[in-house]
Amino acid sequence: MDPDRLAEEKDRGLTIELGFAWTKLETGDTVAFVDVPGHARFIKNMLAGVGAVTACLFVVAATEGWKAQSEEHLRVLELVGMAHGVIALTKADLVDQHQRNTVRSELERSVRGTFLERAETVEVDAVAGLGLDDLSEALARLSRLEGAPNCGRPRLWVDRAFVATGSGTVVTGTLLGGALERGDPLVVVPGDQAVRIRALESMRLSRVRVEPGERVAVNLAGLSHTRIKRGDALVVPRQWRPTTAVDASLQVLSSLKHPVSAKGSYAVYIGSSEQRVDLRMLGALSVPPGGSGLVRLLLPVALPLLPGDRYVLREDGRSETVGGGEILDVEPVLPPHLARPPRSIDEVVTQRGWITVDHLESITGERVSPTIGKWVASSAAFAAEVASVRGLLADGGVLGVDVATLDERQREILKGLDNVSVVGARARMQDRADATVREPVLERLELAGFRPYDRLKGAELRILLSQGQVVKCGTIWFAASAIEQAKQVVAGLLEAHPDGFTMAEARVALETTRKFAVPLLEWMDTQGLTVRRGDRRVRGPRLGPFSE
Ligand SMILES: Nc1nc2c(ncn2[C@@H]2O[C@H](COP(=O)(O)OP(=O)(O)O)[C@@H](O)[C@H]2O)c(=O)[nH]1
Ligand SMILES: [Mg+2]
């Protein structure tokens, strides 16, 4: 298949626009290609084509060898997270053995330390078809390396939009993240234009359903072709939170001749999209060539992005690729000078205190189980809310609190509280006598002493934590009474060993195992009860005075 469609491409014998082609390999596997231009002037088209692909066929002409453009393409492929490739050394028929060897060793040097280091190099004569069988086999091996994951979040970055006679608007792209089916409702982002899939094709075959990793053509109902273009994305309604501000890592190319700072006229490439972007540096004010840092990208339109998406950054003034990186936070909550992009779901939750499960999923792509009701809460935020509900109940006294005055979150917490009775529309604390009824969980923990059950979870424990009845050391929960005992044991140990005691000595004295002794003592260090000196622990400032 010749993917060059434009008359100008045919005339000049040169690819300008993205081209789309596919072939059935000897093995029966089908591979689709996004053909990108090699010429430096068309790098923007190249960038629009590589965003959704994880494997490449990297072409170098034996007559020309490794060129500046080969170098730039390789850098871009690294930045977008390309993982696998095959190298085709074309025009092998036009040079002698000596030249082929020279180019091969030049290639080897140039790809060292990159994902292409592991790539097979196949010599071909594309005109006579020599070497194409070997290339076909290499591509078959490549295509089996890694499938595109399905995480139930389809996103189609549009790389072409046109009108097909008789069917109306058609867009094409490389599908990622999830499957699409005929009839599915979708939205066009930027914006929120609702559309429906009238028909689907992949490699010219009509399909009812297409899977991630496939090249797809989508015929859209309810949309004029003028309302969708390259760089737009098709996604499932309400599954994404399109964003204009993201925090990201920035890797600056080592070939750059100057540091990267907020000053400059930048364009960012994500998926098939090209956007002007304002840069804010997080932390260091500039990043030197070869260095890395953190940036906030401010976009002129909201895009459907997720942590893990890759981007490439170019500077328009000098027309150069400066670097790129990974999106880390699609909804930064802190101003640039304070921002620290979260590296885990826990950090996303901690930065917000409370967030609904749905909201959390739309900004992280991951669905977690709720702390309470439909919310996920950090332990601090949860404890604070529990304390506030308890405060309201205490203030209400015998009259209690009108449940209708509590918000949804507080009502959920109320359900989890012990010693509360809800009569009619009012909730109040039960009598003192009832209040001494022990929580079964607490009772179990207290009995377990220094060998507490692990894998305890849930609202009950968090409530006990907010009441100071349990303590969390690392990942292990201890009853507060066990901690008190532990302090006494440790104080005793320090009397016997004034120069400090070892973990082994502590373990024996506490009659427990390393699994529990280690987090317990590390917690004591953080509380200033003990101080670590090498492999020993000595008395900390908060352990209290020596006993007489
Ligand atoms: N002799 C020979 N010519 C080739 C080979 N590969 C490409 N060409 C010629 O080189 C020109 C450019 O090739 P093309 O694939 O269109 O280049 P690109 O799309 O710009 O990378 C065309 O005229 C091809 O016929 C090869 O392996 N041997
Ligand atoms: Mg071409």
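## Disulfides and cysteines

A disulfide is a pair of cysteine sulfur atoms within 2.5 Å. In this predicted model, a search of the whole structure finds zero disulfides.

Cys473 has a relative accessibility of 0% and counts as buried. Cys56 is buried as well, its relative accessible area being 11%.

## Thr321 in strand 22

Strand 22 covers residues 320–329, and Thr321 belongs to it. Buried means under 20% relative accessible area. Thr321 has a value of 7% and is therefore buried.

The side chain of Thr321 takes part in two kinds of pairing described here: a polar contact of 2.5 Å with the side chain of Glu72, and a polar contact of 2.7 Å with the side chain of Arg314. Leaving aside residues up to four places away in sequence, Thr321 touches Glu72 and Arg314, and also Val76, Leu79, Leu253, Leu256, Val312 and Leu313. Between Thr321 and Val163 there are 158 residues of sequence separation and 33 Å in space, taken from C-alpha to C-alpha.

## Asp329 in strand 22

Asp329 also lies in strand 22. Asp329 is buried yet has no salt bridge. A salt bridge requires a side-chain nitrogen of Lys or Arg within 4 Å of a carboxyl oxygen of Asp or Glu. For Asp329, the nearest side chain of opposite charge is that of Arg352, at 4.4 Å.

The side chain of Asp329 does reach a backbone atom, the nitrogen of Glu331, at 3.0 Å. Apart from residues up to four places away in sequence, the residues that Asp329 touches are Ala245, Val246, Asp247, Pro342, Gln351 and Arg352.

Notes
Residues numbered from 1 in each chain as written. Chains lettered and ligands numbered in written order. Predicted model: local features only at pLDDT ≥ 70, side-chain atom pairs only at ≥ 80, totals over all residues. Heavy atoms only, no water. Buried < 20%, exposed > 50% of the residue type's maximum accessible area, 1.4 Å probe, protein only. Helix = DSSP H or I, 4+ residues; strand = E, 2+ residues; numbered from the N terminus. Contact = heavy atoms within 4.5 Å. Polar contact = N/O pair within 3.5 Å; in protein donor to acceptor, adjacent residues only side chain to side chain. Lys, Arg positive; Asp, Glu negative; His and termini not counted.
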